[in-house]
Amino acid sequence: MDQRHRIAATDWIEFEEEQHQVTGITGALIRLRSASGHHQTIMLSVLLTDPSFRARTVPPPEAADTAAGLDPGGVLALLPKEVRDNALKLEGHLKEATTGYLSGDSLAAQPGEPRPEYRPDLPLSTRVEFKAAELGLTPRRIWQLLDEWEENGLWALVDRRKARLKNPLRNIDDRVIAAIREQAAAERFDSSSSVSTRFRRRTQNRLDADYGPGTVPLPKEDTFRRVVKILLHRSPSDPAYQRISDANQPDRTFGNVIAHRPGQVVMLDTTPLDVFAYDPVMDDTYNVELTIALDIATRSILAWRLTPLGTKAIDIGLLLADVMTPEPMRPAWAAALRYQMLRVPYQRHLSLDERLAEAAARPVIYPEALLYDHGKPYKSDVVQRACRKWKIDMQDARKLQPTDKPHVERLFGTIREQFSMHVAGYKGFNVAHRGKNPEQQARWTLDEIAEFFAEYVVAVYQNKHHTGLNLHGFPDLNVSPNEAYAMALGSAGFVDCPRDPAMYYELLPIADAGRTINTYGVELNYLVYNAPVLYGFRRAKSPYNGERWPIRYDPRNLLHAYFHNPRDNEWYVLDWTKALSDLQPFTDITLREAKRLVELRGGDPKGKDYQEEIARALWDLQNRTDAPETWTKADRKRHTRDRHRAQAQAQDEARSTLAITAPSLVPTGSAKPAIASLHAVPDPAGDDDDFDPFTVQPAEVWNSHISQEG
């Protein structure tokens with residue numbers, strides 16, 4: 001029967017049990033490219049008369065060479081086991097046809113090998129014919145497999161129909177793919193949305209605007225949802241914080257912050273602690289912020305501060321002082337947590353810094369460079385002056401780029417897993433992970449949480465093996481931050497941290513442009529401060545630039561200001577002249593609120609009664625303990641914030657040499673008290689009746705934060 005075929009370039013045919021594409025026709029010759037990528041040229045008459053020839057009018061599914069450009073070994077390793085086993089079995093047949101042995105080696109011959117029809121002394125063509133008959137293939141196909149196997153190895157013997165690489169976006173218009181990606185990029189900072197409704201509608205609107213209404217329709221809803229899931233790492237329906245975090249990642253290869261010695265790079269950051277603190281005075285709970293200083297070389301937590309929500313610049317500045325100050329031992333802590341258990345030359349360190357005698361096992365490091373957040377407190381004048389004083393380099397991270405300081409960001413996750421979620425009052429890191437009433441479970445005050453956290457750092461974190469720290473020469477052995485610090489001291493040495501008894505006062509902010517000392521004192525934030533020490537400086541020009549005096553203050557406690565006397569090089573406390581006797585310390589935030597209340601009542605900052613109005617406003621804000629249930633939530637938070645910040649200010653001040661207060665200034669030659677001093681025991685006989693209490697020097701009290709002389 002006469003059968004006619006029409007063959008043209010790019011047509012697909014079947015020949016010798018494999019699919020081929022016609023790549024060209026020249027006279028009586030036709031050039032074919034097989035599905036596996038093998039090229040051959042054959043006479044057209046031979047092709048048409050071959051019994052295995054089949055004409056195909058419909059192109060086969062794409063996949064013949066879908067592995068082109070990929071690593072054949074990698075593709076082969078990821079194939080299903082059945083496909084790999086079939087390829088290995090076929091390879092054994094080819095080895096037997098060429099060598100007479102399934103393994104290809106006569107030394108590894110199996111029982112009964114070689115078989116008579118595959119003896120090595122037979123011609124290769126004879127063995128190929130026997131193998132073709134055994135496998136049910138033509139000898140030409142066996143020769144073709146041998147050529148491909150010799151050229152491409154085992155990959156040439158894989159059944160490409162089962163090793164086809166899938167492309168789920170094959171039938172999706174490229175314009176639809178581009179529109180989905182562009183719309184997702186436009187919504188990366190938007191709130192959560194539904195893929196099947198808003199995002200689909202906005203994507204169609206984008207296509208209509210670019211190509212005309214109805215020109216590029218979207219696929220069906222289920223198909224559209226699958227395409228979005230394939231194209232986008234974060235679906236538009238995912239939480240906004242996840243999509244924002246992914247959008248802020250750099251569009252290039254991540255770098256590494258490398259530090260070879262302790263203190264070379266120290267990262268600072270602040271985050272809300274996932275625990276509610278309880279205030280027993282107000283019977284209320286409030287949020288807490290955690291500020292951390294992390295050493296990159298040893299992954300040690302050098303210092304931390306827990307504050308009510310709203311960290312101040314003074315907290316960051318004094319955190320640097322905490323980094324260079326030993327952590328004192330608590331009475332209830334085990335002796336294994338002492339500094340001498342760090343496995344360092346303890347006696348030599350003790351000769352340099354006697355504060356280490358009563359210190360806990362936490363490294364004390366002199367930082368060389370700070371990598372800190374882009375927040376306002378970190379860029380304040382307090383932090384900059386502290387870094388200039390101690391010769392510390394400063395480098396701020398970019399805005400919304402947490403990958404600039406990944407170590408401290410990951411540390412917050414570790415603290416959440418190992419500490420926060422095990423504390424009563426844990427609230428989760430977002431609303432989706434929060435219980436119904438976590439406030440009712442809060443049982444610990446801020447001071448108690450701070451003590452728990454200090455014990456966690458010294459007893460757990462510093463001694464737990466860290467996956468980012470390895471033993472030198474043994475990359476598969478992890479060490480703890482304390483062990484990494486001990487190893488680093490062997491190569492980098494120990495650097496003694498600076499100790500300044502007036503450190504606290506020198507870190508305090510200075511009033512803008514200085515102040516003039518008037519007869520009534522100095523004015524700061526519309527408040528007047530005075531002390532007897534200012535008597536000798538009234539209306540005097542200062543030796544500083546501008547002829548004005550620098551007055552320092554702590555924004556956590558504005559009941560006092562501080563003045564440095566250049567005559568005796570001492571610090572003096574200046575008291576607010578209108579402070580009530582029972583007025584508790586207040587912060588700059590509370591002062592702004594009091595000023596706002598005064599101005600609402602028509603008060604004038606330049607009026608002579610403005611000081612009394614401020615005092616009455618503060619009294620009104622603070623003296624409501626007779627009916628705390630009538631307080632607003634803002635009042636309760638303000639009261640708690642002021643009280644805790646005042647306690648922190650007192651602790652920081654106690655670390656330095658205390659400034660001289662007004663009551664301690666006893667004029668020379670003052671009269672003795674008229675009332676006789678009381679004695680716990682009878683007065684001994686002798687000249688002790690002439691005892692002068694003003695000549696007794698007070699005994700020194702040990703303070704682990706204050707350096708001892710000698």
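Leu-124, Ser-125, Val-128, Glu-129, Ala-132 and Leu-135 of helix α4 are in contact (heavy atoms within 4.5 Å) with Pro-139, Ile-142, Trp-143 and Leu-146 of α5. The model is predicted, with local features needing pLDDT of at least 70, side-chain atom pairs counting only at pLDDT 80 or more, and totals for chains, interfaces and linings using all residues. Residues are numbered from 1 along each chain as its sequence is written, and side-chain values use heavy atoms, leaving out hydrogens and water.

**Helices α4 and α5**
- The axes of the two helices, α4 and α5, come within 8 Å and cross at roughly 110°.
- That angle makes α4 roughly perpendicular to α5 (65 to 115 degrees).

**Helix α3**
- Helix α3 covers residues 81–99, and its 19 residues reach 26 Å from first C-alpha to last, close to the expected 27 Å (1.5 Å times one less than the number of residues).
- Buried residues (under 20% relative accessible area, 1.4 Å probe, protein chains only) of α3 include Val-83, Leu-90, His-93 and Ala-97.
- The buried residues of α3 pack against α4 (124–135) and α5 (139–152).
- Gly-100 follows α3 and has a positive phi, near 95°.

- Leaving aside residues up to four places away in sequence, Ile-415 touches Leu-290, Ile-292, Ser-420, Phe-453 and Tyr-456.

Methods
Helices (H or I, at least four residues) and strands (E, at least two) are DSSP runs, numbered from the N terminus. Buried means under 20% relative accessible area, exposed over 50%, partly exposed in between (1.4 Å probe, protein chains only). Axes are lines fitted to C-alpha atoms, for helices over the stretch in contact, and angles run from 0 to 180 degrees between N-to-C directions. Angles under 35 degrees count as roughly parallel, over 145 as roughly antiparallel, 65 to 115 as roughly perpendicular and the rest as oblique.
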